[in-house]
Each structure stands twice: as structure tokens, then as C-alpha cells.
Amino acid sequence: MTVPTNGIPTSTNLNHDETHQHGSPGPTRLFRIERRVKDLKLFIFACENWRNIETGYAAKLWATSMMDSIPASRARWSKAEKMPRFARGLIYCTANGDFTMPFVTTGHVEDRVVEDVWREKWEFPFKIQPLGSPWKQIHKEVAKREWPLLSMHRNMTCCVNGLHGVSAFVPNEIELRQWQQILADLGEESDTFPPEETALQLLLDSL
């Protein structure tokens with residue numbers, strides 16, 4: 001596996017020995033699986049106040065507010081369960097219009113309610129590793145000028161998950177350089193995590 005200076009692996013080499021039915025070794029093949037990191041899935045979660053953001057930062061955990069109905073909650077879960085491990089994320093505070101706390105997901109989303117972390121009940125929690133603290137922020141108007149992700153959209157509801165209930169856990173496809181720009185503005189730790197988990201990667205890990 002090659003690891004560039006940004007810490008994100010770009011390829012994996014696998015040696016696979018085939019064996020004939022009678023036990024004699026077959027030819028050895030080299031499978032090279034290229035994992036070029038051109039695009040990342042960025043999940044931007046909206047939050048109403050800084051207290052909840054600070055709580056999630058301290059707990060290394062994030063989740064979403066409870067939906068009003070079971071059907072709406074199940075519809076959200078259908079998106080949440082698809083969020084991969086090692087996805088990149090960001091928080092948007094609706095109270096003052098600031099982006100903050102870039103993070104990487106370190107676990108899969110859980111189908112449960114959280115009652116002992118935030119003051120309110122939240123659902124669909126997942127573990128995170130913050131790469132920046134809530135005390136480092138960038139206002140949305142500045143971000144619109146600096147980040148291509150936002151400059152392409154006149155209406156931020158197109159890319160901020162959770163401003164409307166149906167948009168939670170809907171990712172934005174961004175280039176790696178855009179994530180690096182976000183970390184340059186808000187990050188306090190290097191992103192040394194691998195690319196987001198894929199179905200192919202899960203299959204390979206099980207072999």
C-alpha cells in the first residue's frame with residue numbers, strides 16, 4: 001500500500017495464490033486494485049446551537065435530532081445506514097451561520113436513540129474523530145468565497161445535510177483538494193485516515 005504525504009492510501013497490492021482441486025499449486029496472479037482518491041463524500045450536518053456541538057466534540061460522537069414520526073425516521077435511516085466508515089464530515093451551526101469541527105467517521109451509524117449525551121434525545125449516532133475543535137470557525141459568507149463546494153450553490157440547503165429533515169445523511173461529492181482547503185481553514189490535526197470504506201474494501205477484508 002502506498003501512502004502519500006497527505007496520509008491517504010491510494011492503492012493496494014494483493015497476492016492471490018490459486019490452488020488446483022488436487023492440491024497442486026496453481027499460477028500466482030497479482031491483482032492490483034487502484035484506489036485513486038479523486039473524490040470524497042462530505043457530510044455536512046446542521047446543528048442549532050454551540051452547546052450541542054461542544055458536547056459531540058467532547059464525546060467524539062455525532063447523531064441527528066429525533067424525527068417527528070416513525071415513517072420519517074425510517075426514511076432517514078435508509079440513508080444513514082449507507083454512510084461509510086472513514087467518511088469526512090463537517091458541522092454547520094444554524095444559530096450564527098458558522099462552519100466548524102471537521103471530522104472523520106470512525107464507526108458505522110447505529111440504529112438507536114441516544115439519551116445520555118445531549119440534553120435532548122438524538123438518533124442514529126456514529127463515532128467520530130474530530131480534526132478541529134468547535135472554537136475554530138468560518139462564517140458561511142467567507143466560506144462561500146473560499147470553498148468551491150458552496151460557491152457552486154446559491155442556496156446552501158443544497159449541500160448542508162439536515163437543514164431539512166429529508167437531507168440528513170445525503171453526501172456531497174467533493175474533490176480531495178476541497179477537503180484539504182477545509183482542513184486548512186478549520187483543521188487542527190492532520191487527516192491520516194484511509195479513504196472512506198467501500199463495498200469492495202469490506203469484501204477484501206473478509207477474505
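The model is predicted, so local features need pLDDT of at least 70 and side-chain atom pairs count only at pLDDT 80 or more, while totals for chains, interfaces and linings use all residues. Residues are numbered from 1 along each chain as its sequence is written, and side-chain values use heavy atoms, with hydrogens and water left out.

In soluble globular proteins, nonpolar side chains tend to be buried together. A nonpolar core here is a set of buried Ala, Val, Leu, Ile, Met, Phe, Trp, Tyr and Cys residues joined through side-chain atoms within 4.5 Å; buried means under 20% relative accessible area, exposed over 50%, and partly exposed in between, with a 1.4 Å probe and protein chains only. The largest core has 25 residues, of which F45, W62, F126 and F169 touch the most other members. Its largest share, 4 residues, comes from strand 8. A second, separate core of 21 residues includes L40, L42, L150 and I174.

Two of these names, L42 and I174, return in the lining of the largest cavity, along with W147, P148, L149, Q178, Q181 and I182. A cavity is a set of points on a 1 Å grid over the protein atoms alone where a 1.4 Å probe fits but cannot get out, and lining residues have an atom within 4 Å of a point. The volume, the space filled by probe spheres set on points joined across faces, edges and corners, is about 30 Å³.

What about the cysteines? A disulfide is a pair of cysteine sulfur atoms within 2.5 Å, and the count comes to 0. The sulfur of C93 is 6.4 Å from the closest cysteine sulfur, in C47, which is too far for a bond. C47 is buried at 4% relative accessible area, and C93 is buried at 0%.

Finally, look for charged partners. A salt bridge is a side-chain nitrogen of Lys or Arg within 4 Å of a carboxyl oxygen of Asp or Glu, and the whole structure has 9 of them. R88 and D191 meet at 2.9 Å, N to O; this pair links distant parts of the chain, 103 residues apart, and both R88 and D191 are buried. In another bridge, E175 and R177 meet at 2.6 Å, where E175 is partly exposed at 32% and R177 is exposed at 52%. K41, E173 and E196 are linked in a network of salt bridges.

Note on methods:
1 Å grid on protein atoms, 1.4 Å probe; cavity = no way out; pocket = protein on both sides within 12 Å on 5 of 7 lines; lining within 4 Å. Helix = DSSP H or I, 4+ residues; strand = E, 2+ residues; numbered from the N terminus.
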